[in-house]
Amino acid sequence: MSEKTANIGDAIAADAPADAPERRINMIEAINEALDIMLTRDPDVIIMGEDVGYFGGVFRATAGLQAKHGKNRVFDTPISECGIIGAAVGMGAYGLRPVPEIQFADYIYPGLDQLISEAARLRYRSAGDYIAPMTVRSPFGGGIFGGQTHSQSPEALFTHVSGLKTVIPATPYDAKGLLIAAIEDNDPVIFFEPKRIYNGPFTGFYDKPVEPWKKHPDSVVPEGYYRIPLGKARHLREGEALTVLAYGTMVHVAQAVCEAKGVDADILDLRTLVPLDIKAIEASVEKTGRCMIVHEATRTSGFGAELSALVTERCFYHLEAPVERVTGFDTPYPHSLEWAYFPGPVRIGEAIDKLLKD
Amino acid sequence: MADTAKPADTNRPALALHVPEPTYRPGDPVDFAHIDVGTAGGQPRPDEAAHPSEMGELAYSLVRVLGDDNQAHGPWNPRLDPEMLRTMLGHMAMVRAFDERMFRGQRQGKTSFYMKCTGEEATSVSSSMALASDDMIFPSYRQQGILIARGYPLLEMINQIYSNRADKLKGRQLPIMYSSREHSFFSISGNLATQCPQAVGWAMASAIKGDSRIAATWVGEGSTAEGDFHAACTFAAVYNAPVILNVVNNQWAISSFSGFAGGERTTFAARGLGYGIAALRVDGNDALACYAAAEWAANRARGNHGPTLIEYFTYRAEGHSTSDDPSGYRSAQEREEWPLGDPVTRLKKHLITIGEWDEDRHAAMDLACAEQVKAVTKEAEKNGILGHGLHHPFHTMFEDVYEELPWHLEEQAEQAIRERITKFGSERPFG
């Protein structure tokens with residue numbers, strides 16, 4: 001068994017043999033594998049989206065799946081996010097388990113009414129008569145020179161909606177296990193994939209060479225089916241000095257900055273924003289007394305605001321310094337000044353210094 | 001910018017914005033002579049596999065069966081047996097009786113809201129009767145006729161309207177936003193036209209699975225302006241989905257006439273042609289034409305020949321809902337002058353003309369409908385009316401947001417129950 005799987009206590013029922021050879025794959029391959037497994041296991045799973053069929057998706061996440069599972073299961077759609085999500089609601093009502101892809105999270109807005117008013121509310125408004133068991137996959141986040149329409153992090157729009165679950169993996173191992181759990185979940189799940197780390201765990205030091213996933217321990221991914229339960233954070237580093245709450249790309253950036261500064265950080269990769277692993281957050285902050293929240297999304301009303309409020313409400317008497325939020329600026333994602341927007345090592349370093357000042 | 005902005009230094013003419021205005025406003029005398037209703041029996045009935053381009057004319061004329069002589073005419077005559085016609089008439093009469101009583105119930109304070117479908121009964125009752133009972137319906141908010149035609153219990157409808165403790169939707173939905181999986185009737189949304197791409201998705205799923213069931217959706221002409229409607233048309237055409245897109249053109253969207261959905265420029269059926277979807281424009285007050293069009297479209301879908309868009313040309317005889325007064329924005333004479341009459345009266349006269357019905361039986365039927373609705377209303381009131389305490393327990397408010405209750409909702413549920421006890425001393429002061 002690899003070092004990685006040995007450390008994952010909460011993964012459920014891996015059916016890969018314990019002595020399977022260690023494999024290292026990137027996040028795209030992990031997602032592709034999860035989709036392939038679910039298409040094979042469950043005849044009700046279908047995949048649709050712009051360019052996901054024959055071509056295999058603009059990020060290759062669905063490569064080879066149409067050839068293997070057929071055009072009835074994996075197919076292209078018109079360029080209509082409203083239509084994609086709307087059709088997925090109807091398919092869910094029929095009994096399918098659709099996994100639509102929205103090509104970029106920035107494109108999801110035409111589908112918002114179908115997500116917010118329909119998919120998220122369907123179980124409630126029909127008292128369980130109908131459900132919308134869809135998983136909406138979408139690449140999100142910046143750092144790839146995508147400009148303002150290929151870089152956004154709109155997770156807070158979805159965490160604000162009752163009835164939706166929002167999941168964001170940070171490693172290939174998690175991407176596979178969480179995506180399988182999301183597809184099997186009977187509630188609609190927004191599954192945001194941090195596209196900056198599709199191919200390697202970006203640390204925020206954009207002027208240094210990027211490491212591929214193959215050198216990272218979390219790229220060890222067992223073959224076959226396993227799931228990571230939604231709502232459970234990953235406690236990726238034990239420490240005493242301060243708590244770091246992050247998800248997606250920022251997990252790696254925050255971790256790298258803490259290492260570079262020699263800070264003994266207690267780092268939580270939240271993995272699921274709703275439902276949130278509040279117990280893990282409380283336990284960590286009660287231990288460290290200091291909390292830094294890091295996300296790439298814009299600051300005002302970002303998910304960090306919710307995290308900050310929860311920590312303040314629930315751990316106030318353990319806090320030894322005000323909660324620090326490190327976020328993107330409240331501007332659109334600028335193309336040429338992308339790294340000035342990005343909450344990189346300097347901004348995170350400043351927050352750490354403030355938190356540890358006295 | 002100045003009000004008098006004119007193109008300076010140019011000979012180009014000043015542009016003018018057209019803001020549509022209905023022909024008649026309150027108090028205006030009404031003359032609908034300009035509406036060309038054609039003749040009953042005058043429209044060809046193409047093969048159900050016909051290419052949309054071969055039948056374009058049917059998107060502009062009106063498919064009609066019942067003539068002024070109250071006889072059924074032409075190739076669209078569905079040739080239904082008298083028993084079926086009486087059943088259809090009975091459903092329509094029941095819908096009307098139900099609407100009357102529920103509207104009054106709202107005025108009496110028994111609930112917050114109600115919507116009648118007076119004048120449009122055939123567009124729901126007759127067209128849904130042409131479908132199989134397990135074909136999936138994605139309704140808008142004015143298709144109570146489908147539930148009644150499918151035998152959904154009136155008691156359940158009223159419990160829902162009262163949001164009482166027996167309401168199967170647990171008091172969560174605005175009155176009339178029914179849902180019944182058992183009757184293949186999708187949960188109604190207050191957000192307009194969202195049901196259209198959902199219906200197409202359901203139909204696609206049915207095709208993916210090699211099933212034989214088709215889907216049908218209903219939307220008002222005003223809501224065809226929503227992007228969802230156009231997404232639905234695109235998806236239906238692209239995947240040749242076994243779906244029927246029904247547009248109920250009742251001329252009014254609350255106070256906005258059909259011109260604000262583009263009705264001044266072309267017909268709503270013609271929308272289908274641009275997508276390559278078979279399109280029929282039908283006299284929506286002609287129960288036989290409604291049935292025949294739906295039957296044609298259902299056969300087309302079942303034969304894998306693709307989707308159909310049907311425009312039911314009709315008239316909303318009452319207000320949009322209990323919340324608006326139509327005398328404030330349109331001429332009351334419109335209803336009287338509507339050139340296609342009343343659907344219940346027309347079907348009744350047809351049955352009488354062919355010797356299968358009479359005025360006495362009709363009066364007896366109306367009375368029986370009213371009595372039945374009255375009795376069921378009393379039964380439902382035992383379960384409570386809106387705002388009188390006989391609702392579902394507080395904890396149900398937090399259930400079904402997710403399949404399982406997450407910690408934050410459990411905390412909020414505890415708070416709600418605590419607030420209740422603080423106010424009343426017990427969670428359920430009314431039992």
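Gly319(B) is found in the loop between β7 (308–313) and α9 (333–337) of chain B. Helices (H or I, at least four residues) and strands (E, at least two) are DSSP runs, numbered from the N terminus. Welcome to a predicted model, in which local features need pLDDT of at least 70 and side-chain atom pairs count only at pLDDT 80 or more, while totals for chains, interfaces and linings use all residues. Residues are numbered from 1 along each chain as its sequence is written, with chains lettered from A and ligands numbered from 1 in the order in which they are written.

**Around Gly319(B)**

- Gly319(B) counts as buried because 21 C-beta neighbours lie inside 10 Å. The cut-offs are 20 or more other C-beta atoms within 10 Å for buried and 12 or fewer for exposed, with partly exposed in between; C-beta atoms are placed from the backbone.
- Leaving aside neighbours within four places in sequence, Gly319(B) is in contact with Asp324(B), Asp325(B) and Pro326(B). Contact here requires C-beta atoms, placed from the backbone, within 7 Å.
- Ser255(B) is 64 residues from Gly319(B) along the chain, and their C-alpha atoms are separated by 8.9 Å.

**The sheet in chain A**

- Five strands form an open sheet in the order β7-β9-β8-β11-β12 (chain A), with mixed pairing. Strands pair if DSSP finds at least two bridges between them.
- β7 (234–237) and β12 (324–328) of chain A are the edge strands; each has a single partner strand, so one side of each is left without a neighbour in the sheet.
- From one strand to the next, the twist averages 25°. Axes are lines fitted to C-alpha atoms, for helices over the stretch in contact, and angles run from 0 to 180 degrees between N-to-C directions.
- β7(A) runs antiparallel to β9 (residues 265–269) of chain A, and 3 bridges join them. Arg234(A) has Asp269(A) in β9(A) as its bridge partner.

**Helices of chain A**

- Helix α10 (residues 278–288) of chain A lies across β7, β8 (242–246), β9 and β11 (291–298) of chain A, at about 170° to β9(A).
- α10(A) also packs with helix α11 (residues 303–315) of chain A at an angle of about 65°, their axes being 10 Å apart.
- On the α10(A) side, the contact is made by Ile278(A), Ile281(A), Glu282(A), Val285(A) and Glu286(A), and on the α11(A) side by Leu310(A), Val311(A), Arg314(A) and Cys315(A).
- That contact of α10(A) with α11(A) divides into 6 nonpolar, no polar and 3 charged residues. Nonpolar covers Ala, Val, Leu, Ile, Met, Phe, Trp, Tyr, Cys and Pro, charged covers Asp, Glu, Lys and Arg, and the others, Gly among them, are polar.
- In helix α5 (residues 112–119) of chain A, the buried residues are Asp113(A), Gln114(A), Leu115(A), Glu118(A) and Ala119(A). These buried residues pack against α4 (81–94) and α6 (122–125) of chain A.

**Where the chains meet**

- 35 residues of chain B are in contact with 35 residues of chain A.
- On the chain B side, α5 (195–208) and α6 (227–238) of chain B are the elements that give two or more residues. The largest share, 10 residues, comes from α5(B).
- The residues on this side of chain B divide into 17 nonpolar, 11 polar and 7 charged.

**Confidence**

- The predictor gives the complex an ipTM of 0.96 and a pTM of 0.95.
- Chain A averages a pLDDT of 94, and 94% of the residues score at least 70. Over residues 1–10 of chain A the pLDDT is below 50, and this stretch has 14 contacts in the model beyond near neighbours in sequence.

Terms used: Two residues are in contact if their C-beta atoms, placed from the backbone, lie within 7 Å. pLDDT is the predictor's confidence in each residue, from 0 to 100.
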